[in-house]
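Please look through the sequence and the structure shown below before reading on.

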Amino acid sequence: MIAIMAGMGKGTRIGLRIAYLGAGFAGWQRQPGPRSVQGDLEQALERIFGRRVPIVGAGRTDAGVHADAQVAHFDAPLAIPPAGLAKALNASLDADVRVLRAWHVSAAFDARRSARGKRYRYRLAAVGRPLRPWEAMRTWQVTHRLDVEALSVAADLLPGAHDFASFALAGHAGTGRRGTVRTISSARVSVRGRRIDVVLEGDGFLRGMVRRIVGALVEVGRGARDPEWLASLLQDPTAGPPAPTAPALGLTLEKVFYR
């Protein structure tokens, strides 16, 4: 710590890019009791600076959800070179969360409010031989065969502005002027060997929205529903039962977009 503190002086706002495996966390958001990504990072910052340092994330990933590139910011009370800070944080954090990069940002930058969109990837594997453990940690292995063409047809219905109330879990953060309306800019299905990836980009996502979209797509892909059913959920959020919810382990926050 003495070497890192050599640059002591006026503090500055720092941005972080963070990766984590979600299985050990009750989500991003700090909460009393259960372990959270935000809580672990703030504890590490307190050990480095000797005082509490709040941190703000771009999005509140749910329990069990992973991140390849979560973005966060905090106001450092002392001037520390970003590279040294990233190294000190990783030395203080458990191995299931890593600071990939730290850099100076302007005082106007806000990891959450400045974000213009996000990309999520959901990993599926059709029924078959067991997955390798490191793949199984981030993949939902369904118990049915999936029609990839049907999945793609259904995914093509998603781009555009829709009321996603049917795809939101309780506490969906659908307040404010937009309510439960969000805009999906891209929805694609790709095949990588046995793995089927669903990649969604949009200007924002309600709580559980990606997982329920994937749950609906799987219903179509296994032949239990047709694409018109998913279309009806988009057109009339009160029509029919809500979409099933895919498990958290397959979901990864892959990128946060800024200007």
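## Strands, pocket and core

Strand β9, which spans residues 195-202, is mostly covered, since seven of its eight residues are buried. The model is a predicted one, and this should be kept in mind throughout. On one side of the pairing, β9 runs antiparallel to strand β5 (residues 117-125), and eight bridges join the two. Within this pair, Tyr-120 stands opposite Leu-200 of β9, while Lys-118 stands opposite Gly-202 of β9. Strand β9 also pairs with strand β8 (residues 181-192), again in the antiparallel sense and over eight bridges, and here Ser-190 has Asp-197 in β9 as its bridge partner. The hairpin of β8 and β9 has two residues between the strands, and in it Gly-193 takes a positive phi near 65°.

How many residues of β5 are buried? Nine of its nine residues are buried, so β5 is largely enclosed by the rest of the structure. In a regular strand, the side chains alternate between the two faces of the sheet. In β5, Gly-117, Arg-119, Arg-121, Arg-123 and Ala-125 point one way, whereas Lys-118, Tyr-120, Tyr-122 and Leu-124 point the other way, and all of these residues are buried. Strand β6 (residues 140-141) is joined to β5 by two bridges and runs parallel to it, with Leu-124 standing opposite Trp-140 of β6.

| Strand pair | Bridges | Direction |
|---|---|---|
| β5 and β9 | eight | antiparallel |
| β8 and β9 | eight | antiparallel |
| β5 and β6 | two | parallel |
| β1 and β3 | eight | antiparallel |
| β1 and β4 | seven | antiparallel |

The second largest pocket has a volume of about 180 Å³. The elements that give two or more residues to its lining are β5 and α3 (133-136). Among the residues that line this pocket are Arg-123, Ala-125, Trp-134, Glu-135, Arg-194 and Arg-195. Sorted by class, the lining has four nonpolar, one polar and seven charged residues.

Strand β1 (residues 12-20) is mostly covered as well, with seven of its nine residues buried. Strand β3 (residues 66-76) runs antiparallel to β1 and is joined to it by eight bridges, and Thr-12 stands opposite Ala-76 in β3. Strand β4 (residues 97-104) pairs with β1 in the antiparallel sense over seven bridges, and Tyr-20 stands opposite Val-97 in β4.

The loop between β1 and α1 (37-49) holds Leu-21, and Pro-32 is found in that loop too. Why does Leu-21 count as partly exposed? The reason is that its relative accessibility is 30%, a value that falls between the limits of under 20% for buried and over 50% for exposed. Pro-32, by contrast, counts as exposed because its relative accessibility is 77%. Leaving aside neighbours within four places in sequence, Leu-21 is in contact with His-66, Asp-96, Met-137 and Arg-138.

Glu-42 lies in helix α1, and this residue counts as buried because its relative accessible area is 5%. When its neighbours within four places in sequence are left aside, Glu-42 is in contact with Arg-30, Arg-52, Val-53, Pro-54 and Ile-55.

Which residues touch the most other members of the largest nonpolar core? Of the 75 residues in this core, they are Phe-49, Phe-74 and Phe-167. Helix α5 (residues 209-221) gives the most to this core, with eight residues. With neighbours within four places in sequence left aside, the contacts of Phe-167 include Met-209, Arg-212, Ile-213, Ala-216, Leu-230, Leu-233 and Leu-234. In helix α6 (residues 227-235), the buried residues include Trp-229, Leu-230, Leu-233 and Leu-234, and what covers the buried residues of α6 includes α4 (148-155), β7 (160-163) and α5.

Technical notes:
Residues numbered from 1 in each chain as written. Predicted model: local features only at pLDDT ≥ 70, side-chain atom pairs only at ≥ 80, totals over all residues. Heavy atoms only, no water. Buried < 20%, exposed > 50% of the residue type's maximum accessible area, 1.4 Å probe, protein only. Helix = DSSP H or I, 4+ residues; strand = E, 2+ residues; numbered from the N terminus. Pairing = 2+ DSSP bridges. 1 Å grid on protein atoms, 1.4 Å probe; cavity = no way out; pocket = protein on both sides within 12 Å on 5 of 7 lines; lining within 4 Å. Points joined across faces, edges and corners; volume = space filled by probe spheres on them. Nonpolar A, V, L, I, M, F, W, Y, C, P; charged D, E, K, R; others polar. Contact = heavy atoms within 4.5 Å. Core = buried A, V, L, I, M, F, W, Y, C linked by side-chain atoms within 4.5 Å.
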